[in-house]
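Subject: Structure handover

Hello,

Please look it over before setting anything up.

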Amino acid sequence: VEGLYFRYPGGRDVFGGVEFSVDKGDCLVVLGPNGSGKTTLLKTLLGLEQPYEGSIDLFGIPLNGFSDWSRVAYLPQNTRLLNPHFPATAAEVAALGLLSAKKFPRRFTELDMEKARLALDKVGLAARADSIYGELSGGQQQRVLLARLLVGEPELLLLDEPSSALDNDSRGLFFSLLDAINAEGKSTVIWITHDMGEAGKHATKLLYLDGKMRFCGAMGEFCRSNEMERLLGPFTQHTVCHMHDGERPK
Ligand code: ADP
């Protein structure tokens, strides 16, 4: 991302001067106060919103020429987007995560359904694959949506506040799944969170957004940054850093 500036029509700049790069296997955590433009930034990466200045490349390809969306998965803040009464089985909902890779006619094959069942197995729901989605509990529905997110083995995951969208059990499971795919070096993650402890455990890089990009750098630089200590306070800064070292904050 280079020199990115964004404003909504008739509004002021939401953010400006955003510049960063993410390497394969990185986990970039995006921090910043409410309204600082974090969700908008993720949407510009997906081409859902247009910056008025700057450029974005995905996998080395300029965004306006990029079409291989099966490599990218997005978990929006509001996971209630899917109607809970959707008349499909858990396996069929999980398989929806494979649709972006398909050309017309967009039909599921036996292999797709097998992948969906494997994904449900990873989220502990193998036994409910044939259950109607709307008849599962709220927490189980969240797990089906995680299976849908991961079923296509995306190389880039864009996550908007997964901690607020998921209940406690699903959240723990989700982060262990993320760590597992990250450890295999398969996935790159860009992740908005308010959860400083989780940020510290998983981040390789941090970006702090507040009207402009106030910080972007590796974990070690973040922990030594006077600017971050000034903005977040020493306690929060050290919460992130101690969790990163595997220690519990005092
Ligand atoms: P964050 O994710 O950091 O909370 P957002 O990206 O959601 O911030 O919002 C950044 C700013 O843009 C906020 O002031 C918000 O009110 C405004 N905003 C968000 N979406 C729209 C929209 N569709 N139209 C106009 N303004 C918007």
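How do the residues of the shell around the ligand divide into nonpolar, polar and charged? This is a predicted model, and in it the shell has six polar residues, three nonpolar ones and one charged one.

Ligand site

The residues around the ligand are Y8, V14, P33, N34, G35, S36, G37, K38, T39 and T40. Helix α1, which spans residues 38-45, gives the largest share of this shell, with three residues.

- Y8 has a polar side-chain atom 3.3 Å from a nitrogen atom of the ligand.
- G37 places a backbone N or O atom 3.0 Å from a ligand oxygen atom.
- T39 has a polar backbone atom 2.8 Å from an oxygen atom of the ligand.

On its own the ligand has 560 Å² of accessible area, and the protein covers 53% of that.

Second largest pocket

The volume of the second largest pocket is about 390 Å³. It is lined by 18 residues, of which K122, L150, V151, E153 and I181 are the closest to its centre. Helices α3 (110-122), α4 (138-150) and α6 (168-183) are the elements that each give two or more residues to this lining. The largest share, four residues, comes from α3. By class, the lining of this pocket has ten nonpolar, six charged and two polar residues.

Regards

Notes:
Residues are numbered from 1 along each chain as its sequence is written. This is a predicted model: local features need pLDDT of at least 70, side-chain atom pairs count only at pLDDT 80 or more; totals for chains, interfaces and linings use all residues. Side-chain values use heavy atoms; hydrogens and water are left out. A residue is near a molecule or strand if one of its heavy atoms lies within 4 Å of it. A polar contact is a pair of N or O atoms within 3.5 Å; within protein, one must be able to donate a hydrogen and the other to accept it, and residues adjacent in sequence count only if both atoms are side-chain atoms. Accessible areas come from the Shrake-Rupley method with a 1.4 Å probe; for residues, only the protein chains shown count as cover. Ala, Val, Leu, Ile, Met, Phe, Trp, Tyr, Cys and Pro count as nonpolar, Asp, Glu, Lys and Arg as charged, and the others, Gly among them, as polar. On a 1 Å grid over the protein atoms alone, a cavity is a set of points where a 1.4 Å probe fits but cannot get out, and a pocket is an open set with protein on both sides within 12 Å along at least five of seven lines; lining residues have an atom within 4 Å of a point. Grid points are joined across faces, edges and corners, and a volume is the space filled by probe spheres set on the points.
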